[in-house]
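Here are my notes on the model, in the order I'd go through them with you. Have the viewer open as you read.

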Amino acid sequence: MSLQENIETISFPVLGMTCASCAVSVESMIGAQNGVKQAEVNYATQKVKVTYDADVIQPEGMQKVVQSIGYDLILDAEKGSEKQEQIQADNYKSLKKRIIAAGILTIPVVIIGMLFMDMPYANYIMLVLSAPIVFYFGKNFFINAFKQAKHSKANMDTLVALSTGIAFIFSVFNTFYPEFWHQRGLHPHVYYEAAAVVIVFIMLGKLLEERAKSNTSSAIKKLIGLQPKTVVLITDQGEKEIEVVDVKAGDRLLVRSGEKIPVDGKVYDGNSFVDESMITGEPVAVSKQKDDNVFAGTINQKGSFRFIAEKVGSETMLAHIIQLVQEAQGSKAPVQKLVDKVAGIFVPIVILIAIITLGVWLLFGGEHAFTQGLLAMVTVLVIACPCALGLATPTAIMVGIGKGAESGILIKDAEALELGYKVNAIVLDKTGTITEGKPEVTSMHWASTLPETTDVLKQVFAAMEQSSEHPLAEAIFNHLKKDDVKPAAITDFDSLTGKGVSVVYNGKKYWAGSHKILSDHNQVISSELKEQAKVLQNQAQTVIYFANETEVLAVVSIADQIKTGSKEAVSKLIKQGIEVYMLTGDNKQTAAAVATTAGIDNFVAEVLPSDKAEFIKKLQADGKVVAMIGDGINDSQALAQSNVSIAMGRGSDIAIDVAKITLISSDLLQVPKALQLSKKTVRTIKQNLFWAFIYNLIGIPIAAGVLYPVNGFLLNPMIAGAAMALSSISVVSNSLRLKFAKL
């Protein structure tokens, strides 16, 4: 093994998978190759995600292995999905034509088999009509089963090939050698109609399944459809229409009323109202004017404006969202791993049950033991298809994540969606989560006696806040800038995490920050400023202190309004039985005021970023499943520690990258919706698994003939084929119901 591995992770579209066992086969074959670190197949998206050492194995090698068991990989990284979609569309059309042709041949076989069995040459006519159905229209079942068998593997094709092949061969024997049974006092039954109908029903089931599956990814198609094809470019020579793919960052573009915005950028001329609902989930159009950001895919409703392109192509937020949703829809929920294990051993177990069924019939079946045992064995093989099992989880996850994307809830990982409904404790950051996150200075009080002139101190203060990255620093700097204060030439800037900043100016040290700064350096605060600070804190305003080495020079109050929906969101979460906590680095008075307004009983003030993670650890130690909701940057440690991390997006790329779930609109009311979506998705998965298993749990024993000793009932293989198709359709249809769920 090389000392330095060249690890790459790529998703390849897979062709030819027809059931969950196929997915298990592809996954195990690729995963067993030297150099492959991990292979993960998603049956619903028909893709495999492979992490491999590019110095040891290449995609071509993986493709060869997959082809050897009857499937194929599309290696085109850029247009793989498009090619897969085109191939699937072609296959769908071809399957439709073959079903019609096979159906036309099947109808007379069924009529003769059911109503005119005694007509002259009935068996020979059925043989001629059913042979092309089984071996031409159904040839893929046999080819794939043979390829699987070469690698000691089995899948749904194995079950179909075994059942229809045995039924057909047995019927051919009885057609040409009926005397063999007559001499033993038995009637030579034939099952041409059963073999033909099973093939047609299974093909029909696949057709309906493919049609339903294509609807599960409609959210992605909607998002992709938001991107316009052309745009008006503004040049020195005038306006001209160009392809969106030709737009470069820095280009000046024109958007007219009713047009879609092609790329991300900033307005420099004009104003309008823009519908951003497909990205944020908020139905009300947003006002846009000079210096406002606009995003690709949103729709300009009124007026026209000009803007400068800032992010184009794959860099736009819409492209980013599409990529994340595609990746999330391809990710596996924890429950799916268990389902995959079951699917992997399901087919061999079914074959074993079928053999045992025949054996039991031969031992205890009486006069017609062999024929009825054979029929029961065929029926067991037909009814036990694991298709529904393979579709149960991924289709629900795909629809759930798509539903979230349409509502402005960007779910990046299937595990987060599956875990969300278990959350019983939520930790909220204050600034930017409960509040608007746009703090503004409401007052600035200077000490009555100062060692330097106020102008000089303002310049030092402005320089400190200009250098700081804290959100409150920007508010103070902007406030001072309004008075034309020029920042001083400071040195030795030091950021004190969770406390404030310090600098040196003209050999003297200055501090700005929270009350902790004063505690650490024992600066004296005048009674006047102290009283002022107390009044401001009681008004739920954040107080910042500016001090030199000996005394507090100024007290600044900053207010951050609570968002409109915060109180309602907290109320909804509490009604759902969830404990709500607020953590903030702000002082106790401000924290208490915000918590009271938002309806939160549990809050902790003056906490450092690391304290938030520790707080979550304590909740988890008490058995809580904790969701952390923050702005995605300062709260990254706490987000990482939580079971479900939710970032308030604000349309920033950084926030989208941080958490497992991102609320693009930054509306706290989206949190109860996200948890509700998780609950409904998990409920759908459970319902799907129930339907997937119940068909087999009830169907297999009946197919084996357990009711025969009681009432003489034996399940017809044709009914078994229809039931099998119905199980897949019911599972996919149940998943699609999520699209219409109210959150």
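1. Start at Ile-426, which sits opposite Ala-627 in β24. The strands here are β15 (residues 425-429) and β24 (residues 626-630), and they pair in the parallel sense over 4 bridges. Strands are DSSP runs of E with at least two residues, helices are runs of H or I with at least four, and both are numbered from the N terminus. Two strands count as paired if DSSP finds at least two bridges between them.

2. A word on what you're looking at: this is a predicted model, with local features needing pLDDT of at least 70 and side-chain atom pairs counting only at pLDDT 80 or more, while totals for chains, interfaces and linings use all residues. Residues are numbered from 1 along each chain as its sequence is written, and side-chain values use heavy atoms, with hydrogens and water left out.

3. How many of the residues of β24 are buried? The count is 5 of 5, buried being under 20% relative accessible area, exposed over 50% and partly exposed in between (1.4 Å probe, protein chains only).

4. Look at which way the β24 side chains go. In a regular strand, side chains alternate between the two faces of the sheet. Here Val-626, Met-628 and Gly-630 point one way, Ala-627 and Ile-629 point the other way, and all are buried.

5. A salt bridge here is a side-chain nitrogen of Lys or Arg within 4 Å of a carboxyl oxygen of Asp or Glu. The pair links distant parts of the chain: Asp-429 is in strand β15 and Lys-612 in helix α23 (residues 609-621), 183 residues apart. Both partners are buried.

6. Lys-612 deserves a look of its own. Its relative accessible area is 7%, so it counts as buried. The 3.0 Å approach to the Asp-429 side chain is also a polar contact, meaning a pair of N or O atoms within 3.5 Å; within protein, one must be able to donate a hydrogen and the other to accept it, and residues adjacent in sequence count only if both atoms are side-chain atoms. Which residues does Lys-612 contact, leaving aside its neighbours within four places in sequence? They are Asp-429, Leu-583, Val-607, Asp-635 and Ala-638, with contact meaning heavy atoms within 4.5 Å.

7. Now for the other salt bridges; a search of the whole structure finds 9. One of them joins the side chains of Asp-236 and Arg-252 at 3.5 Å, N to O. Asp-236 is in the loop between β5 (230-235) and β6 (238-243) and Arg-252 is in strand β7 (residues 252-255), so the pair ties together parts 16 residues apart in sequence. Asp-236 is exposed at 71% relative accessibility, whereas Arg-252 is partly exposed at 32%.

8. Arg-256 and Glu-239 form another salt bridge, their closest N and O atoms being 3.7 Å apart. Arg-256 lies in the loop between β7 and β8 (264-270) and Glu-239 in strand β6, 17 residues apart. Arg-256 is partly exposed at 36% relative accessible area, and Glu-239 is partly exposed at 45%. These two also belong to a salt-bridge network with Glu-259, Asp-269 and Arg-306.

9. The sheet in this region is open, has 6 strands in the order β6-β5-β7-β13-β8-β11, and pairs antiparallel. Why is one side of β6 and of β11 (293-294) left without a neighbour in the sheet? Both stand at the edges with a single partner strand each, so one side of each has no neighbour there. β8 and β11 pair in the antiparallel sense over 2 bridges, and Val-294 in β11 is the bridge partner of Gly-265.

10. Last, helix α6 (residues 156-176). Its 21 residues reach 30 Å from first C-alpha to last, close to the 30 Å expected, where the expected span is 1.5 Å times one less than the number of residues. The helix is mostly covered, with 15 of its 21 residues buried.
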